[in-house]
Amino acid sequence: MFGIYKTLLHSTGIDNAVYCNFINSQDMNLITASNNVLKVYKLNHDDGISGQTRKKFKLEFVASFNLFGSICSIDACRYGSMSKDALVIAFHDAKLSIVEYDTSTADLSTLSMHYFENEMIDEGLHYNVHRPILRVDPNMRCAVMLIYGCKLVVVSFTEEVITNP
C-alpha cells in the first residue's frame, strides 16, 4: 500500500532558526525551519545611509529546501577541517541528520543519517508526544539529543563517524 502526502498550505511561521556560515566560509547565513522546509538567507550590509554609527543588515533569500520529515530542531556544527558549518537536524521520532551545502550542485549533501527508533528505547509508545531537543557542544565535539522525553543520544563528530555512517 502506498501513501500519498501533499502539503496544501505551507507554513507561515518559523519553528527554528540558526545563524552560521552555511553557504561559504565568508558570508553569514540565517537558516530558518518551518515544518519540513529549510530557508537560507544571506546577511548583507546596508550601506544606503551614511553617517550612522549603527550597522544595518538586509536579508537576501538564497535557497529553499524541502525535506522529507518534520523538522523539530536545528543547530550548526563544524568539525575536523571544515571551513564552513554543517547543520544538525533533529526530526520527529528520534531521527537525526547532518547536512551541508554543496556548492557544486547548489543542494544539500547528507553527511550522516541516524535513527534511534527501537522498541526497547521507545518503551512501547506508538506515537512520540515528546519533541526531540537537540544541542551541539560549543567545542564542536558532539551533538546530544533528548528523545522520548527521557533518553539521551550522543553523536560524535569524528571524521570516521561522518564519512562512514
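1. A residue is called buried here when its relative accessible area is under 20%, exposed when the area is over 50%, and partly exposed in between, with a 1.4 Å probe and protein chains only. By that criterion Thr32 is buried, since its relative accessible area is 8%. Thr32 belongs to strand β2 (residues 29-34).

2. On the basis of the values: this is a predicted model, in which local features need pLDDT of at least 70 and side-chain atom pairs count only at pLDDT 80 or more, while totals for chains, interfaces and linings use all residues. Residues are numbered from 1 along each chain as its sequence is written, and side-chain values use heavy atoms, with hydrogens and water left out.

3. Overall composition. The protein contains two helices and eleven strands, where helices (H or I, at least four residues) and strands (E, at least two) are DSSP runs numbered from the N terminus. The order of elements from the N terminus is β-β-β-β-β-β-β-β-α-β-β-β-α. Of the 165 residues in the protein, 37% are buried. Contact means heavy atoms within 4.5 Å; among contacts between residues at least 6 apart in sequence, 42% join residues at least 24 apart.

4. The surroundings of Thr32. Leaving aside residues up to four places away in sequence, Thr32 touches Ile14, Asn16, Ala17, Val37, Leu38, Lys39 and Tyr41.

5. Pairing of β2. Two strands are said to pair if DSSP finds at least two bridges between them. Strand β1 (residues 16-20) is joined to β2 by five bridges and runs antiparallel to it; Asn16 stands opposite Ala33 in β2. With strand β3 (residues 37-45), β2 pairs in the antiparallel sense over six bridges, and here the partner of Ala33 is Leu38. β2 and β3 form a hairpin with two residues between them, and Asn35 in the turn has a positive phi of about 55°.

6. The four-stranded sheet. Which strands make up the open sheet of four, and in what order? The order is β5-β6-β7-β8, with antiparallel pairing. β5 (71-77) and β8 stand at the edges with a single partner strand each, so one side of each has no neighbour in the sheet. The twist averages 25° from one strand to the next, with axes taken as lines fitted to C-alpha atoms (for helices over the stretch in contact) and angles running from 0 to 180 degrees between N-to-C directions. β7 and β8 pair in the antiparallel sense over eight bridges; Ser97 has Met113 in β8 as its bridge partner.

7. The three-stranded sheet. A further open sheet has the order β9-β10-β11, again with antiparallel pairing. Its edges are β9 and β11 (151-156), each with a single partner strand, so one side of each is left without a neighbour in the sheet. Neighbouring strands of this sheet are turned by 20° against each other on average, direction ignored. Six bridges join β10 to β11, and Ala143 is partnered by Val155 in β11.

8. Four bridges join β9 to the antiparallel strand β10 (residues 142-147), in which Val144 is the bridge partner of Arg135. Five residues lie between the strands of this hairpin, and Met140 takes a positive phi near 60°.

9. The largest pocket. On a 1 Å grid over the protein atoms alone, a pocket is an open set of points where a 1.4 Å probe fits, with protein on both sides within 12 Å along at least five of seven lines; lining residues have an atom within 4 Å of a point. Grid points are joined across faces, edges and corners, and a volume is the space filled by probe spheres set on the points. The largest pocket has a volume of about 400 Å³. Of its 20 lining residues, Phe68, Gly69, Phe91, Ser97 and Met113 are the closest to its centre.

10. Make-up of the lining. β4 (57-66), β6 (86-91), β7 (95-102) and β8 (107-115) each supply at least two residues, and the largest share, six residues, comes from β8. By class the lining has ten nonpolar, seven polar and three charged residues, where Ala, Val, Leu, Ile, Met, Phe, Trp, Tyr, Cys and Pro count as nonpolar, Asp, Glu, Lys and Arg as charged, and the others, Gly among them, as polar.
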